Amino acid sequence: MLYPDLPSVDEIFFAMSEPPLGEGEEAKVYKVHTNPKYTVRVSHHAPSLNELRQQLSSDSLHQQEDLFDGRNFAQAYAWWGNDVWVNGSALITINLYSPGFSLEVHKAGQTMPISEHALIKTRVLSETIANMSDKSIDKLYDDMHFLTARHYSLDVGGDLFSNTGNILYSAADDKAFIIDLQPVLNNHPGIPQNHDKGFNMPLYLTRGLLPGVRFYAAKHSTDAQLILFRTEIVEKMIAGAERNHFNDLGGYLGSDVSKIALFWKNQLNKLNIPEKWHENLIHRVCHITHQERYPKRLAHQPFIQVSGKERE
């Protein structure tokens, strides 16, 4: 599929002259305000604007096939050729714009807010997610069904609660958008080879909707109001998994229900969710019957993104 309305090189550099829309560990993202369907994702390894402009002006533009049937995962729609690549990674891509705000309390490249301000921000974000409609939660689970069938997964980063920056929530649309993907990996140390979900599991989706649990975990875990919001979020996500028949088995954690129960127990303890709810929540999430919603493709189809090599 071709995209005739992609922004021009001039529009891209106009966007890059403005403050970034967001910044992660690998790239900055700029909104193309003159062509608001798109953003520009620029690697931290990119050269100066003048050098990059010369390269883009003389290089050819490549357009990415729409692998996700019109769904919005902030995926790349186009990139430039090998002349602007470093070690096989695209330096700049044109991506689909996803509306909404990040659920991260502290973002890369910004000064960490003082604890009291961070707590207020965490409460507001958590209350917003606790009030998400069932329709919005069902949309996220439908996306997880779809991504699993296409051999793509949530990208959750490294430690226990590290992927809140990979989901945006638009209050105006009452929709949440998964904005960072990785291919489902089958040949990786410590990962079961026969799994078929990657990180597409209620455990990790719930983690991605829990603000303030990375940098402020200890200080915020005793706040009564925040504990209430977090309890509501966990319950709503488990209820969503039940409605959408999506369980934790068969992903990177394997198919051992006892092991998955321990992960959930650990998560509930870290959130300081009252002990009286643990048995019910863990029992429910460990007894969800999984039902495939979309036929699985026989082969994984790679796409280009700034953060890594061509995904194969």
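In helix H1, the residues Val9, Asp10, Phe13 and Met16 meet Leu49, Leu52, Arg53, Leu56 and Ser57 of helix H2, a contact being heavy atoms within 4.5 Å. By class, this contact comprises six nonpolar, one polar and two charged residues. Ala, Val, Leu, Ile, Met, Phe, Trp, Tyr, Cys and Pro count as nonpolar, Asp, Glu, Lys and Arg as charged, and the others, Gly among them, as polar.

The model is predicted: local features need pLDDT of at least 70, side-chain atom pairs count only at pLDDT 80 or more, and totals for chains, interfaces and linings use all residues. Residues are numbered from 1 along each chain as its sequence is written, and side-chain values use heavy atoms, with hydrogens and water left out. Helices (H or I, at least four residues) and strands (E, at least two) are DSSP runs numbered from the N terminus.

**Helix pairs**

Two packed helices are described by the angle between their axes and the distance between the axes. Axes are lines fitted to C-alpha atoms, for helices over the stretch in contact, and angles run from 0 to 180 degrees between N-to-C directions.

| Helix pair | Angle | Axis distance |
|---|---|---|
| H1 (residues 9-16) and H2 (residues 49-58) | roughly 160 degrees | within 11 Å |
| H8 and H9 (residues 278-285) | about 140 degrees | 10 Å |

H1 and H2 are therefore roughly antiparallel to each other, a term for angles over 145 degrees. Their crossing is right-handed, meaning that the near helix is turned clockwise from the far one by less than a right angle.

The crossing of H8 and H9 is right-handed. Here Ala261, Trp264, Lys265, Leu268 and Asn269 in H8 meet His278, Leu281, Ile282 and Val285 in H9. The residues of this contact divide into six nonpolar, two polar and one charged.

**The six-stranded sheet**

Six strands form an open, antiparallel sheet in the order S1-S2-S3-S8-S5-S4. Strand S1 (22-23) and strand S4 (61-63) stand at the edges with a single partner strand each, so one side of each is left without a neighbour in the sheet. Two strands pair if DSSP finds at least two bridges between them.

S1 pairs with strand S2 (residues 27-31) in the antiparallel sense over two bridges, and the two form a hairpin with three residues between them. Within this pairing, Glu23 stands opposite Lys28 in S2. Lys28 also stands opposite Val42 in S3. S2 and strand S3 (residues 38-43) pair over five bridges, again antiparallel, and a hairpin of six residues joins S2 to S3. Four of the five residues of S2 are buried, that is, under 20% relative accessible area with a 1.4 Å probe and protein chains only.

**The three-stranded sheet**

A further open sheet has three antiparallel strands in the order S9-S11-S12. Its edges are strand S9 (101-102) and strand S12 (175-178); each has a single partner strand, so one side of each is left without a neighbour in the sheet. Strand S11 (residues 167-170) pairs with S12 over four bridges, and Leu168 stands opposite Phe177 in S12. Helix H4 (residues 134-149) lies across S11 and S12, running at about 25 degrees to S12.

**A loop residue**

Asn244 belongs to the loop between helix H7 (224-243) and helix H8 (257-271). Is Asn244 buried or exposed? With a relative accessible area of 6%, Asn244 is buried. Leaving aside neighbours within four places in sequence, Asn244 is in contact with Asp138, Tyr141, His145 and Arg293.

Notes: Buried means under 20% relative accessible area, exposed over 50%, partly exposed in between (1.4 Å probe, protein chains only). Angles under 35 degrees count as roughly parallel, over 145 as roughly antiparallel, 65 to 115 as roughly perpendicular and the rest as oblique.
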